[in-house]
Amino acid sequence: FAISEDGYLLTNYHVIAGKTPSQLSEISVILSSGEEVKASVVRFNKMRDLALLKIENKFDKPFKLSKIKTFEKLLDVYALGTPKSIELGQTVSLGLISNERKVNNINMLQLSISINSGNSGGPLYDKNGVLHGVVTSKLVGYATEGVGFAIPSYLIQDYLNISFK
């Protein structure tokens, strides 16, 4: 998803990772218009599961990154993604932020929301379009449903060592 008007995108590292740990996949991005464009990796943080990409495109309404924690427990949030196939692109799921937790010593937002593999790297935002996180994973297993996790957006600039004017 876009975080600047001039073509910078954010996703998870595991979305762009290649078949071997030292290799990144060749990356193309499918825009909401259906157009497929090549993307370059600007930087990534494998440990925090984040990647910054750049494409040659302009965006009218990118998500804004902030270093301020803007969420609260039980906030209604939306996850945007492409579960299972490209035909389901731009699917929106509604849920709640349950809490902020430490998972393996990494801050994560615990979500009560329907998350699928195609939600990885997608935005987690509220009804006002405020970005609160990047969807990264969910719990899977017997008798487990609707427990997902997102990287809090207020930490992204530090995790990727980027800044905005």
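Predicted model: local features only at pLDDT ≥ 70, side-chain atom pairs only at ≥ 80, totals over all residues.
**Overall architecture**

The secondary structure of the protein consists of two helices and ten strands. Read from the N terminus, the elements follow the order β-α-β-β-β-β-β-β-β-β-β-α. The radius of gyration is 15 Å, close to the 15 Å that the globule rule gives for 165 residues, so the protein is as compact as a globular protein of that length. The C-alpha trace spans about 40 × 35 × 30 Å along its principal axes. Of the 165 residues, 45% count as buried. Among contacts with a separation of 6 or more, 56% come from residues 24 or more positions apart.

Strands of a sheet pair through backbone hydrogen bonds, in either the parallel or the antiparallel sense. Here, four strands form an open sheet in the order 1-4-3-2, and their pairing is antiparallel. From one strand to the next, the twist averages 45 degrees.

Strand 4 (residues 50–54) pairs with strand 3 (residues 36–45) in the antiparallel sense over five bridges. Strand 4 also pairs with strand 1, again in the antiparallel sense, over four bridges. The table lists bridge partners in strand 4.

| Residue | Bridge partner in strand 4 |
|---|---|
| Leucine 9 | Leucine 53 |
| Arginine 43 | Leucine 52 |
| Phenylalanine 44 | Alanine 51 |

Strand 4 is mostly covered, with five of its five residues buried. In a regular strand the side chains alternate between the two faces of the sheet. In strand 4, Leu50, Leu52 and Lys54 point one way while Ala51 and Leu53 point the other way, and all are buried.

Strands 3 and 4 form a hairpin with four residues between them. Aspartate 49, in the turn, has a positive phi of about 60 degrees.

Threonine 136 lies in strand 9 (residues 131–138). With a relative accessible area of 9%, threonine 136 is under the 20% limit and is therefore buried. Leaving aside residues up to four places away in sequence, threonine 136 touches Asn12, His14, Asp49, Met108, Ser120, Phe149, Ala150 and Ile151.

**Salt bridges**

Side chains of opposite charge can pair when their charged atoms come close. The count in this model comes to two salt bridges.

One joins lysine 67 to aspartate 158, with the closest N and O atoms 3.1 Å apart. This pair links distant parts of the chain, 91 residues apart: lysine 67 is in the loop between strand 4 and strand 5 (76–81), and aspartate 158 is in helix 2 (residues 156–160).

The other joins glutamate 100 to lysine 69, with the closest N and O atoms 3.0 Å apart. Glutamate 100 belongs to strand 6 (residues 91–103), whereas lysine 69 is in the loop between strand 4 and strand 5; the two residues are 31 residues apart, and the pair links distant parts of the chain. Lysine 69 is partly exposed, with a relative accessible area of 44%.

Methods. Residues numbered from 1 in each chain as written. Heavy atoms only, no water. Buried < 20%, exposed > 50% of the residue type's maximum accessible area, 1.4 Å probe, protein only. Contact = heavy atoms within 4.5 Å. Pairing = 2+ DSSP bridges. Axes fitted to C-alpha atoms, helices over the stretch in contact; angles between N-to-C directions. Salt bridge = Lys/Arg side-chain N within 4 Å of Asp/Glu carboxyl O. Rg over C-alpha atoms; globule rule 2.2 N^0.38 Å.
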